[in-house]
Amino acid sequence: MTISLTPHQVLAGVGILLALFLVWRVGAKRARAAVEAARAGARLVSLAGRVAFTAALLVGVQWLVITHPGNLTLLLVVLAVPDLLAGYVLTKALTVSTMDGHRRSGGERR
């Protein structure tokens with residue numbers, strides 16, 4: 001069994017394979033971009049959840065100490081520690097920079 005193809009048929013077959021390959025590459029690139037966008041959104045939601053939980057915990061402890069007075073040192077510590085934590089977190093949040101979307105290729109130098 002022999003297959004005889006004309007040069008036009010071979011060229012058309014190669015063109016179709018090339019077009020399929022290019023469509024596959026574009027789809028893969030879009031899928032990666034969608035995954036990266038979803039990760040960024042998930043990080044934001046995760047951070048907001050942690051912040052809300054920590055704030056609720058700190059407010060609860062402060063409310064407990066303030067409604068049961070008696071120890072001035074404990075009151076000052078309970079009011080000062082959240083300020084220190086908030087200062088640290090705000091400083092870190094406002095100064096952190098990431099390079100998530102800026103990947104260098106293998107041979108590229110800084």
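Val-77 is partly exposed, with a relative accessible area of 43%. This residue belongs to helix α2, in a model that is predicted.

**Overall make-up**

The chain holds 2 helices and 0 strands. Of its 110 residues, 4% are buried.

**Helix α2 and its start**

Helix α2 covers residues 72-95. Its 24 residues, at 1.5 Å a residue, should span 34 Å, and the C-alpha atoms at its ends are 35 Å apart, so the two values agree. The N-terminal end of α2 is capped by Asn-71. In this cap, a side-chain oxygen of Asn-71 lies 3.2 Å from the backbone nitrogen of Thr-73.

**From Val-77 to Gln-62**

Between Val-77 and Gln-62 there are 9.7 Å in space, taken from C-alpha to C-alpha, and the two residues are 15 residues apart in sequence. Gln-62 is part of helix α1. Is Gln-62 buried or exposed? Its relative accessibility is 18%, and because buried means under 20%, Gln-62 counts as buried. Leaving aside residues up to four places away in sequence, Gln-62 touches Val-78, Leu-79 and Pro-82.

The chain has 1 aromatic pair. The ring centres of Phe-21 and Trp-24 are 5.9 Å apart and the ring planes stand at 35°, so this pair is tilted. A stacked pair would need planes under 30 degrees apart, and an edge-to-face pair would need over 60. Both Phe-21 and Trp-24 lie in helix α1, which runs over residues 7-67. They are 3 residues apart, about one turn of the helix. An α-helix has 3.6 residues a turn, so residues three or four places apart point the same way. Phe-21 is partly exposed, whereas Trp-24 is exposed.

**Accessibility of the residues discussed**

The table lists the relative accessible area for the residues described above.

| Residue | Relative accessible area | Class |
|---|---|---|
| Gln-62 | 18% | buried |
| Phe-21 | 41% | partly exposed |
| Val-77 | 43% | partly exposed |
| Trp-24 | 57% | exposed |

Definitions and conventions: Residues are numbered from 1 along each chain as its sequence is written. This is a predicted model: local features need pLDDT of at least 70, side-chain atom pairs count only at pLDDT 80 or more; totals for chains, interfaces and linings use all residues. Side-chain values use heavy atoms; hydrogens and water are left out. Helices (H or I, at least four residues) and strands (E, at least two) are DSSP runs, numbered from the N terminus. Buried means under 20% relative accessible area, exposed over 50%, partly exposed in between (1.4 Å probe, protein chains only). Rings of Phe, Tyr and Trp (its six-membered ring) pair if their centres lie within 6.5 Å; planes under 30 degrees apart count as stacked, over 60 as edge-to-face and the rest as tilted. The expected span of a helix is 1.5 Å times one less than its number of residues. A polar contact is a pair of N or O atoms within 3.5 Å; within protein, one must be able to donate a hydrogen and the other to accept it, and residues adjacent in sequence count only if both atoms are side-chain atoms. Contact means heavy atoms within 4.5 Å.
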